[in-house]
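Q: Please show me how to read the features of a protein model, one at a time.

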Amino acid sequence: IADRQEGIGVCGWILISLSFFLVLITFPISIWACIKVIREYERAVVFRLGRILSKKAKGPGLVLILPCTDTFIKVDLRTVTCNIPPQEILTKDAVTTRVDGVVYYRIHSAVSAVANVTDVHSATFLLAQTTLRNVLGTQSLAQLLAGREEIAHSIQAILDSATEQWGIKVARVEIKDVRIPVAMQRAMAAEAEAAREARAKIVAAEGEMNASKALKQASMVLSESPAGLQLRYLQTLTNLAAENNSTIVFPLPIDLLETFGQKNRGG
C-alpha cells in the first residue's frame with residue numbers, strides 16, 4: 001500500500017461533516033447503522049472516502065461506521081485449510097505421478113489481504129498448485145517417496161515468501177498422497193522382492209559360515225574327550241526317540257567305530 005500523506009481535501013471534510021450531522025439528527029435510530037460488532041477472530045478494514053482509515057484494521061469489538069462516507073470489509077483471521085487437488089507431475093527421472101496435498105495458512109495482515117490482492121484465497125490456492133508442480137518436478141521418484149517432509153518444508157518456505165505481501169502466513173504444508181502407475185508399482189514391488197531375497201541369501205550364508213565355525217570348534221573339543229563324544233551320541237539318540245516315538249533306533253557302539261578306524265589306519 002502506498003503510504004500517502006495527502007489530506008482528503010475540502011470536499012472530503014465537507015462530506016464527513018455532513019455524515020456526522022446526519023448521524024446526530026437521526027440519533028438514536030442511526031446508531032444501529034453506524035455501530036458494527038467485530039468478532040474476536042475478525043478484523044474490519046474501513047474505507048473512508050476510498051482511503052483505508054488509519055492504515056490498519058479495526059477490531060475486535062465495536063466499530064463506528066459513518067453511513068455515507070465509510071465502507072468496511074470483514075477479514076477472517078482464522079487458519080484456512082486449502083486442499084490441493086491431484087496434480088499430474090512428471091518427475092526428474094521421467095515418471096508420471098499424481099500428487100495431492102493440503103496447505104494451512106492464515107491472514108496476519110487484514111489490510112494487505114484486502115488492498116494488495118483481489119481474492120487472497122483464490123490467489124493462494126492457485127499459487128500452491130503451481131508451487132507444488134514446480135518443486136516436485138525437480139525431484140526424482142525416490143526422493144519424492146522418501147523425502148516428503150523435506151519437500152513439504154521447501155514448498156512452505158516458497159509459499160510463505162511469495163504470499164508475504166498479501167498478508168498471508170503459511171503455517172504448514174503436507175503432501176497427502178503420491179500415486180504412481182500400476183506398471184511402475186509392479187516393477188518396484190519386484191525390485192523390492194529381489195532385494196529382500198538377496199539379503200535373505202546373504203544372511204543364510206553368514207549363518208551357515210558361523211555354524212560351520214561352531215561345529216569345527218565343537219569337533220575339536222569332542223576329539224579331545226572320547227567319553228564326551230559318546231555322551232553326545234547318546235543325547236542325540238534320546239532327542240530322536242522323544243520327537244519320533246514310533247521310530248525304533250538301533251544305536252551303533254562307539255567302540256566298534258573306533259575299531260574300524262584303527263584297522264583302516266593299520267591297513
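**Reading the model, feature by feature**

Q: Leaving aside neighbours within four places in sequence, which residues is glutamate 42 in contact with?
A: Contact means heavy atoms within 4.5 Å. Setting aside neighbours within four places in sequence, glutamate 42 is in contact with Lys74 and Val75. Before we go on, keep in mind that this is a predicted model: local features need pLDDT of at least 70 and side-chain atom pairs count only at pLDDT 80 or more, while totals for chains, interfaces and linings use all residues. Residues are numbered from 1 along each chain as its sequence is written, and side-chain values use heavy atoms, with hydrogens and water left out.

Q: Where is the place of glutamate 42, and does it count as buried or exposed?
A: Helices (H or I, at least four residues) and strands (E, at least two) are DSSP runs, numbered from the N terminus. Glutamate 42 belongs to strand 2, which covers residues 42-48. For the second part, buried means under 20% relative accessible area, exposed over 50%, and partly exposed in between (1.4 Å probe, protein chains only). Glutamate 42 counts as buried because its relative accessibility is 9%.

Q: How many helices and strands does the protein have, and what percentage of its residues count as buried?
A: There are nine helices and eight strands in the protein. Of its 267 residues, 27% count as buried.

Q: Which strands make up the open sheet?
A: Two strands pair if DSSP finds at least two bridges between them. The open sheet has three strands in the order 3-2-5, with antiparallel pairing. Its edge strands are strand 3 (51-52) and strand 5 (70-76), each pairing on one side only. Strand 2 and strand 5 are joined in the antiparallel sense by seven bridges. As a place to look, arginine 48 stands opposite aspartate 70 in strand 5.

Q: How many bridges link strand 6 and strand 7, and how many residues lie between them in the hairpin?
A: Strand 6 (residues 80-90) and strand 7 (residues 96-107) pair in the antiparallel sense over nine bridges. In this pair, isoleucine 84 faces glycine 101 in strand 7. The two strands form a hairpin with five residues between them, and alanine 94 in the turn has a positive phi of about 65°.

Q: What is a salt bridge, and how many does the count come to?
A: Side chains of opposite charge can pair when their charged atoms come close. The rule asks for a side-chain nitrogen of Lys or Arg within 4 Å of a carboxyl oxygen of Asp or Glu. By this rule, the count is eight salt bridges. One of them joins the side chains of arginine 39 and glutamate 42, at 3.3 Å from N to O. Arginine 39 has a relative accessible area of 44%, so it is partly exposed. Another links aspartate 76 with arginine 78, whose closest N and O atoms are 2.8 Å apart. Aspartate 76 is partly exposed at 29%, and so is arginine 78 at 44%.

Q: What does the salt bridge of aspartate 177 and arginine 179 look like, and which residues join into one network?
A: The side chains of aspartate 177 and arginine 179 meet at 2.9 Å, N to O. Salt bridges that share partners join Arg39, Glu42 and Lys74 into one network.

Q: Where does serine 112 lie, and is it buried or exposed?
A: Serine 112 is part of helix 3 (residues 110-115). With a relative accessible area of 16%, serine 112 is buried. Apart from neighbours within four places in sequence, serine 112 is in contact with Val117, Gln165, Trp166 and Gly167.

Q: Which residues make the nonpolar surface patch?
A: Patches are made of residues with over 30% relative accessible area and no salt bridge; like charges are joined within 9 Å, and nonpolar side chains (Val, Leu, Ile, Met, Phe, Trp, Tyr) within 5 Å. Here Val10, Ile14, Leu15, Leu18 and Leu49 make a nonpolar patch of about 460 Å². Valine 10 is in helix 1 (residues 9-25) and counts as exposed because its relative accessibility is 64%.

Note on methods:
Areas by Shrake-Rupley, 256 points an atom, 1.4 Å probe, with all protein chains shown as cover.
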